[in-house]
Amino acid sequence: MKSKLIIVIILIFIAGCELFTAREDEPPKNIGSNYVPPTTPDILFNNLKNSLSEKVAENYMASFVDTAFLSANFEYIAASGAASTFQTLSDWNLSDERIYINNVFSAVQDQRITLSLTDEASTPLGDSAYYFYNYTLAVPTDQEDTPSAYQGSVEFTINLDERNQWVITRWRDIQLENLPSWSELRGRFY
């Protein structure tokens with residue numbers, strides 16, 4: 001009799017804890033990303049800008065060639081002034097790009113990075129294209145010896161990969177006058 005009473009008490013306890021009831025649905029987590037599969041060059045460059053302002057390294061890196069979907073390597077050509085100051089820029093690859101962008105995002109913390117691409121000129125060639133822009137990049141950090149604004153011109157070679165998405169395969173940075181270039185930002189934060 002005692003064992004039946006114990007079983008009944010345990011069953012009442014379990015039922016009272018709602019152990020076997022379904023929990024409330026949770027709303028999906030919104031990571032705040034504006035990433036869109038880059039099926040056009042405009043989307044590719046908007047993703048690049050958004051990944052910087054949102055500080056999402058994976059979205060930033062998705063702008064570049066992935067050899068699983070396109071048989072091409074990423075090539076980076078640094079602005080001449082920065083290339084002579086920062087030797088690491090001479091053999092730059094996507095691994096270096098990831099290290100640099102994560103370091104920038106860490107240094108910026110809660111500040112907003114803004115990229116402006118202006119004076120677009122492009123040459124479409126079917127499954128590839130050349131895009132030329134003037135850029136202004138604002139990277140606010142608390143580091144007193146580091147510029148917060150970078151300006152220059154950029155020449156992108158972009159290609160369509162097997163997913164039918166545009167990716168950057170070549171990036172050439174061009175320094176304007178004596179202004180800090182995007183290459184200098186890379187060199188400082190690598």
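These legends accompany close-up views of a predicted model. Local features are reported at pLDDT of at least 70 and side-chain atom pairs only at pLDDT 80 or more, while totals for chains, interfaces and linings use all residues. Residues are numbered from 1 along each chain as its sequence is written, and side-chain values use heavy atoms, with hydrogens and water left out.

View 1. Helices (DSSP runs of H or I, at least four residues) and strands (runs of E, at least two) are numbered from the N terminus. The 14 residues of α2 should span 20 Å at 1.5 Å a residue, and the end C-alpha atoms of α2 are 20 Å apart, which agrees; the expected span is 1.5 Å times one less than the number of residues. Within α2, the buried residues are Pro41, Leu44, Phe45, Asn47, Leu48, Ser51, Leu52 and Ser53, where buried means under 20% relative accessible area, exposed over 50%, and partly exposed in between (1.4 Å probe, protein chains only). An α-helix has 3.6 residues a turn, so residues three or four places apart point the same way.

View 2. Lys55 counts as partly exposed, because its relative accessibility is 23%.

**View 3. Asn164 in the loop between β4 and β5.** In the loop that connects β4 (149-160) with β5 (166-175), Asn164 has a phi near 65°, a positive value in a residue other than glycine. Asn164 has a relative accessibility of 44% and therefore counts as partly exposed.

**View 4. Ala79 and its contacts.** Ala79 is placed in the loop between β1 (75-77) and α4 (80-85), and at 1% relative accessibility Ala79 counts as buried. Not counting residues up to four places away in sequence, Ala79 touches Asp173, Ile174, Gln175, Ser181 and Ser183, contact being heavy atoms within 4.5 Å. Ala79 and Ser153, which are 74 residues apart in sequence, are 9.3 Å apart in space, C-alpha to C-alpha.

**View 5. A nonpolar surface patch that includes Tyr130.** Leu125, Tyr130 and Phe132 form a nonpolar patch on the surface, with about 250 Å² of accessible area together, as given by the Shrake-Rupley method with a 1.4 Å probe. Such a patch joins nonpolar side chains (Val, Leu, Ile, Met, Phe, Trp, Tyr) within 5 Å, from residues with over 30% relative accessible area and no salt bridge (a side-chain nitrogen of Lys or Arg within 4 Å of a carboxyl oxygen of Asp or Glu). Tyr130 belongs to strand β3 (residues 128-138) and is partly exposed, with a relative accessible area of 34%.

Note on methods
Patches are made of residues with over 30% relative accessible area and no salt bridge: like charges are joined within 9 Å, nonpolar side chains (Val, Leu, Ile, Met, Phe, Trp, Tyr) within 5 Å.
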